[in-house]
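Biologist: I would like to go through this model with you, beginning with the backbone. Shall we look at it together?

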Amino acid sequence: MKHQNVVVIGTHWGDEGKGKIVDLLTDSVAGVVRFQGGHNAGHTLVVDGKKTVLHLIPSGILHADVRCFIGNGVVLSIPDLFKEIYELEEAGVEVRNRLLLSLDCPLIMPYHIALDQSVERERGNQKIGTTGRGIGPAYEDKVGRRGLRLRDLLDEAQLRFKLDGLLKQHNFMLEQYYGAEPVTLDACMAASIAFLEALKPMMGDVLAELSQLRRAGKGVLFEGAQGALLDIDHGTYPFVTSSNTTAGAISSGCGVGPRYLDYILGITKAYTTRVGEGPFPTELHDQTGRHLADKGHEFGATTGRPRRCGWLDVCALQRVVEMNSLTGLCITKLDVLDGLDSIAICVDYQEDNDGAIKPVYEHLPGWQGKTASIKVYQELPDNARAYLDRIEALCGIPIDLISTGPDRSETIVRRAI
Ligand code: IMP
């Protein structure tokens, strides 16, 4: 990599294809860092022909010499962490001596999962469509200054004391308000301290190690999860996740200060998708929408839910460029648009008579040739290049990478990152 500290951020509602790009860039870094979110993220990888879905562990784990970090901004479900570790180990990947977990990671406990699911049930048709993994309630406990952190496992007596209080509060809500089953202390111990001995060698000071790498001039990749429009502050609230998914979260989520970030890459799908509920102005309910879903295999890696599909929302993207101070873009899944007669880009919104937000489109001609597997920019069909040029012009930043297929080699590098 040309730049030392590189950030990868999804520009819409997640599932932009960050995993492949992170995997590609990981070739030339010493470390990969997760700094927000939890195991709500999903990234499918193929290791020696065996499919592995990573939710929590940075995908850099597949590169033998890369150190992987889970920063304090990540909410940690310990049983799910070990599920991934076992799966990777079965596939022959060494994990434990290459993974460092921040002692300050908030823990996702069984009552968070029960609460997430109860709250969603209670919301009925107002539901957020969460992944049901306890992410929101775990962040609530964090900002409520009562949550457990990884370091709490080091003092069992204190842990039991804190759990006693937390269980009283959360079970009250679960039983009295939501009419759900209470969570037991045993279940909480089994989901946390039971793993202590296995966790100890992986627990440590993420900030200190990242600082060492920086001083040694080593490259580090910061792997954003979800997408900018799911950001708790800047996203489509309340239909968002419970963390900051934008680049500003790096400093709070792992301790690396903003001045040390050298390149911020926005990963943008050539069209737009969304899982879960919430506004999606460019969503298509027609044949084209189905074409995008089928050809793009648009099913969530975490929940398997079908993704909603629509035209590229450049109007939202312009704000995302600004809020992340993006350096450049990577356009993914360009090949999914192959064969369409006409392609639309949303460049503005308009309120209709009923107060609903409608997209204002610019229409561009499609292309009949193939972009699939093309590795040289000049070989793209003219209209595909015109589409990319228009996105660049509207966003005011360069498209430095283009992905034309799932394989690592199916990538056009226009400018080294
Ligand atoms: P939560 O993060 O489980 O609380 O879910 C909140 C919203 O974020 C829901 O609409 C989820 O579908 C969405 N979401 C969470 N993680 C991802 C992701 O990795 N990709 C896409 N959507 C996500």
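Biologist: Where does Ser373 lie?
Modeller: This is a predicted model. In it, Ser373 is found in the loop between strand S15 (357–365) and H12.

Biologist: What is the phi of Ser373?
Modeller: Ser373 is not a glycine, yet its phi is positive, at about 70°.

Biologist: And is Ser373 buried, exposed or partly exposed?
Modeller: Ser373 counts as partly exposed, because its relative accessibility is 32%.

Biologist: What about the phi of Gln226?
Modeller: Gln226 also has a positive phi, of about 60°, although it is not a glycine. Gln226 sits in the loop between S8 and H9. With a relative accessible area of 10%, Gln226 is buried.

Biologist: Which peptide bond is cis, then?
Modeller: The bond from Tyr237 to Pro238 is cis, and its omega is near 5°. Pro238 belongs to the loop between strand S8 (220–223) and helix H9 (249–254).

Biologist: Moving on to helices: at what angle do H11 and H12 pack?
Modeller: Helix H11 (residues 314–324) packs on helix H12 (residues 382–395) at about 50°, and their axes are 9 Å apart. H11 is therefore oblique to H12. Their crossing is right-handed.

Biologist: Which residues make that contact?
Modeller: H11 contributes Val314, Leu317, Gln318 and Val321, while H12 contributes Ile391, Leu394 and Cys395. By class, the contact of H11 with H12 comprises 6 nonpolar residues, 1 polar residue and no charged ones.

Biologist: How do H3 and H5 cross?
Modeller: The axes of helix H3 (residues 110–123) and helix H5 (residues 156–177) cross at roughly 25° and come within 11 Å. H3 is therefore roughly parallel to H5. The crossing of H3 past H5 is left-handed.

Biologist: What residues meet there?
Modeller: From H3 there are Tyr111, Ala114, Leu115, Ser118 and Glu122; they meet Leu163, Leu166, Leu167, His170, Met173, Leu174 and Tyr177 in H5. The contact of H3 with H5 divides into 9 nonpolar, 2 polar and 1 charged.

Biologist: Changing topic, how many disulfides does the structure hold?
Modeller: The structure holds 0 disulfides. Cys315 is in none, and the nearest cysteine sulfur, in Cys346, is 5.2 Å away. Cys315 is buried, at a relative accessible area of 13%.

Methods:
Residues numbered from 1 in each chain as written. Predicted model: local features only at pLDDT ≥ 70, side-chain atom pairs only at ≥ 80, totals over all residues. Heavy atoms only, no water. Axes fitted to C-alpha atoms, helices over the stretch in contact; angles between N-to-C directions. Helix = DSSP H or I, 4+ residues; strand = E, 2+ residues; numbered from the N terminus. Parallel < 35°, antiparallel > 145°, perpendicular 65-115°, else oblique. Left-handed = near helix turned anticlockwise from the far one by under 90°. Contact = heavy atoms within 4.5 Å. Nonpolar A, V, L, I, M, F, W, Y, C, P; charged D, E, K, R; others polar. Disulfide = S-S within 2.5 Å. Buried < 20%, exposed > 50% of the residue type's maximum accessible area, 1.4 Å probe, protein only.
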